[in-house]
Amino acid sequence: MPLRLNPTLRHRLRDADRTLFGGWVCSGSPVMAEIMAGSGLDWVLIDMEHAPNGLESTLAQLYAVSGYPTTPVVRVPSPDTVMIKQVLDLGAQTILVPMVSTADEARTVAEAAQYPPAGRRGVGSALARSARWNRVGEYLQNSAEHVSVFVQIETAEGVGNAEAIAATRGVDGVFVGPSDLAASMGVLGKQTHPDVVAAVHRAFEGVTAAGKPVGVNAFDPQTAHAYEEAGARFILVGADVALVARASEALAASFIPDPETGHAQRPSY
């Protein structure tokens, strides 16, 4: 019998009656990816932009999470057409593309993830995990059902174009990145600055007006819940490396107090 693929993040969001909470996998480790996948989180983000990941390690992490009900999302390092094709051929069904600030950039991304005539994705599914080596029936004809494309707004320009970006054909949702957004607004490192939060809300409004789901990165629980109330449908609330960093610091502090300075509270993101 033909194989069936798992639901994409687009499908999970469509069917969800609540916000979906996810965790970032930045370590490049399939062991950490599996730990995060088995945690009960709704989705995990395997990062190729800021993490030590190439195609082989990304594939290993996709294998690691495949036995769990969580939904994997792969963030590619750039909107490069070849990279998007390769990541999709690895079997990533949902991709997130960073630094999209205009509708034209969003259109380029969407076309890279779709076969002609709708797009420019190269045809190699018979040789790839994406179609399970042609064991997924009519993968080419139904490829749009098997792939979800999300883009990331991370600049003030992107906020201004949020509705047009979200309305782009082939874009299934938008994820807002407050860290780079803060940098673009001249308040580097201040993701919860009032001006940044206001800009995030404007992006939410634009994406929602286009009828698409919007997500955001927010490691602080209070901030995450505030964004949930503001309409975020999917939120990243932690990362493997940050969880280990903070927990190991707490462990050290419980046994090795510093009589001079103590152990300062460090932000996770």
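Predicted model: local features only at pLDDT ≥ 70, side-chain atom pairs only at ≥ 80, totals over all residues.
On one side of helix H10, the residues Pro-194, Glu-205 and Ala-209 are exposed. Helix H10 runs over residues 194-209, a stretch of 16 residues, and spans 23 Å between its first C-alpha and its last, which is close to the 22 Å expected at 1.5 Å a residue. Opposite the exposed side, the buried residues of H10 are Val-196, Ala-199, Val-200, Ala-203, Phe-204, Gly-206 and Val-207. When the helix is viewed down its axis, these buried residues fall within an arc of 170°, and they therefore line one face of H10.

The cover over the buried residues of H10 is drawn from several elements, and it includes helix H7 (156-160), helix H8 (162-166) and helix H9 (178-184), together with strand E6 (173-176), strand E7 (214-217) and helix H11 (221-229). After H10 comes Gly-211, a residue whose phi is positive, near 80°.

A search of the whole structure finds eight aromatic pairs. Because Trp-24 lies in strand E1 (residues 20-25) whereas Phe-219 lies in the loop between E7 and H11, the pair ties together parts that are 195 residues apart in sequence.

Since Trp-43 belongs to strand E2 (residues 43-47) and Phe-175 to strand E6, the pair ties together parts that are 132 residues apart in sequence. Trp-43 counts as buried at 2% relative accessibility, and Phe-175, with a relative accessible area of 3%, is likewise buried. Strand E6, in which Phe-175 lies, is also among the elements that cover the buried residues of H10. Beyond their own pairing, Trp-43 and Phe-175 are members of one aromatic cluster, which they form with Phe-150 and Phe-234.

Technical notes
Residues numbered from 1 in each chain as written. Heavy atoms only, no water. Helix = DSSP H or I, 4+ residues; strand = E, 2+ residues; numbered from the N terminus. Expected span 1.5 Å × (residues − 1). Buried < 20%, exposed > 50% of the residue type's maximum accessible area, 1.4 Å probe, protein only. Arc of directions from axis to C-beta. Contact = heavy atoms within 4.5 Å. Phe/Tyr/Trp six-rings, centres within 6.5 Å; stacked < 30°, edge-to-face > 60°.
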